[in-house]
Amino acid sequence: IGSYNNGHIYASADGVNWHLAYDSGQTFVRALCEFDGALYAATSKGSGGMVLRSSDGLRWEKVFESRDPNFYALHAFHHALWLGTGNHGRLYRSLDGADWQLAAAIEDEGIRAITSYEGRLYLATEGHGRIYRSRFADTPPPSLYDIRIHDITSHSAVISWRSDRPSDSRVLYGTEGRLDDSVHASSPVTEPVMTMAEPGAM
């Protein structure tokens with residue numbers, strides 16, 4: 001766990017007895033998160049925030065710092081580690097825990113919390129109290145089986161399949177290796193049936 005106002009990190013082997021594991025030199029250790037086999041800590045201080053990393057919880061190294069004084073939240077999602085900051089509402093992302101890039105800058109004052117739900121990343125912000133959700137998802141695509149092409153005529157063909165969970169449907173098709181045409185159905189179903197017009201490649 002992290003502490004305020006001395007920036008200490010405490011550790012316990014049984015959840016009952018705790019000892020000082022590390023003094024970060026910061027004012028506040030606000031969040032801890034495991035990512036890719038290492039433990040990360042988001043810390044705050046008036047002169048700037050800092051992300052620390054440790055492989056054993058006892059020896060820590062600085063992997064990222066910024067003039068943003070408040071590093072509020074850490075969360076592992078979509079093969080990356082995400083950091084939410086205060087004062088400027090910045091969201092940072094790292095794929096390896098060492099190299100950090102600005103992923104988004106929102107208009108709200110700060111990103112107080114980050115979590116994931118049903119394959120999407122959510123940000124809880126202060127100021128206006130908004131919740132943001134990622135446009136991308138971490139869920140794998142549905143599995144398809146029993147794919148069939150039937151009712152073939154000179155100007156159309158029907159394609160159908162089954163999937164392991166409901167989803168929208170899109171088919172790209174064309175001639176001579178070029179997929180210039182498409183058909184799309186937005187309703188989530190598990191057994192879509194779609195008609196392709198002028199399937200010259202069939």
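Q: Which residues does Asp108 touch, not counting residues up to four places away in sequence?
A: Contact means heavy atoms within 4.5 Å. In this predicted model, Asp108 touches His88, Gly89, Thr125, Glu126, His128, Gly129, Arg130 and Tyr132, with residues up to four places away in sequence not counted. Residues are numbered from 1 along each chain as its sequence is written, and side-chain values use heavy atoms, leaving out hydrogens and water. Local features need pLDDT of at least 70, side-chain atom pairs count only at pLDDT 80 or more, and totals for chains, interfaces and linings use all residues.

Q: What joins the side chains of Asp108 and Tyr132?
A: A polar contact is a pair of N or O atoms within 3.5 Å; within protein, one must be able to donate a hydrogen and the other to accept it, and residues adjacent in sequence count only if both atoms are side-chain atoms. Here the side chains of Asp108 and Tyr132 are joined by such a contact of 2.4 Å.

Q: Is Asp108 buried or exposed?
A: Buried means under 20% relative accessible area, exposed over 50%, partly exposed in between (1.4 Å probe, protein chains only). Asp108 has a relative accessible area of 2%, so Asp108 is buried.

Q: And why does Gly57 count as buried?
A: Because its relative accessibility is 15%, Gly57 counts as buried.

Q: How many residues has the largest nonpolar core?
A: A nonpolar core is a set of buried Ala, Val, Leu, Ile, Met, Phe, Trp, Tyr and Cys residues joined through side-chain atoms within 4.5 Å. The largest one has 15 residues, and Leu83 and Trp100 are among those with the most contacts inside it. Apart from it lies another core of eleven residues, including Phe77 and Leu123.
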